[in-house]
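Please look over the model below before reading on. The report then takes its parts in turn.

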Amino acid sequence: MRLETVDGDFVVVNVDRVSFVRRYRGENDTSAVNFEKGNYLVVKGSLDSVMTILAEG
């Protein structure tokens, strides 16, 4: 799945490797996608929008 980082870059995320998604530091328009080993990626989008994108992927 292709997501946009807060820096404006696009990254491809393997949906099967995502452990959970949470709001990033209390911001409503930024989310943190957490992977198996505690690594996370900060992406643009609210929690609901990122979860919808991952669910459709």
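## An aromatic pair

By the rule used here, the count comes to 1 aromatic pair. The rule pairs rings of Phe, Tyr and Trp (its six-membered ring) with centres within 6.5 Å; planes under 30 degrees apart are stacked, over 60 edge-to-face, and the rest tilted. Tyr-24 and Tyr-40 have ring centres 6.4 Å apart and planes at 40°, so the pair is tilted. It links distant parts of the chain: Tyr-24 lies in the loop between strand 3 and strand 4, Tyr-40 in strand 5, 16 residues apart. Helices (H or I, at least four residues) and strands (E, at least two) are DSSP runs, numbered from the N terminus.

This is a predicted model: local features need pLDDT of at least 70, side-chain atom pairs count only at pLDDT 80 or more, and totals for chains, interfaces and linings use all residues. Residues are numbered from 1 along each chain as its sequence is written, and side-chain values use heavy atoms, with hydrogens and water left out.

Three strands form an open sheet in the order 3-4-5, with antiparallel pairing. Two strands pair if DSSP finds at least two bridges between them. Strand 3 (18-23) and strand 5 (40-44) are the edge strands, each pairing on one side only. Neighbouring strands are turned by 25° against each other on average, direction ignored. Axes here are lines fitted to C-alpha atoms, for helices over the stretch in contact, and angles run from 0 to 180 degrees between N-to-C directions.

Strand 3 and strand 4 pair over 5 bridges. Phe-20 has Asn-34 in strand 4 as its bridge partner. Helix 1 packs on the sheet and touches strand 3, strand 4 and strand 5. The direction of helix 1 makes about 155° with that of strand 3.

Strand 4 and strand 5 also pair in the antiparallel sense, over 5 bridges. Val-33 stands opposite Leu-41 in strand 5. The two strands form a hairpin with 4 residues between them. In the turn, Gly-38 has a positive phi of about 85°.

## The core

Which residues make up the largest nonpolar core? There are 8 in all: Leu-3, Val-13, Val-21, Val-33, Phe-35, Val-43, Val-50 and Leu-54.

Leu-54 is found in helix 1. Leaving out residues up to four places away in sequence, Leu-54 touches Met-1, Leu-3, Val-15, Val-18 and Val-21. Contact means heavy atoms within 4.5 Å.

## A salt bridge

The structure holds 1 salt bridge. The term means a side-chain nitrogen of Lys or Arg within 4 Å of a carboxyl oxygen of Asp or Glu. Lys-44 bridges to Glu-4, with the closest N and O atoms 3.3 Å apart. Lys-44 is in strand 5 and Glu-4 in strand 1 (residues 2-4), 40 residues apart.

## Accessibility

Buried means under 20% relative accessible area, exposed over 50%, and partly exposed in between (1.4 Å probe, protein chains only).

| Residue | Relative accessibility | Class |
|---|---|---|
| Leu-54 | 8% | buried |
| Tyr-24 | 17% | buried |
| Glu-4 | 26% | partly exposed |
| Lys-44 | 41% | partly exposed |
| Tyr-40 | 46% | partly exposed |

Note on methods: A nonpolar core is a set of buried Ala, Val, Leu, Ile, Met, Phe, Trp, Tyr and Cys residues joined through side-chain atoms within 4.5 Å.
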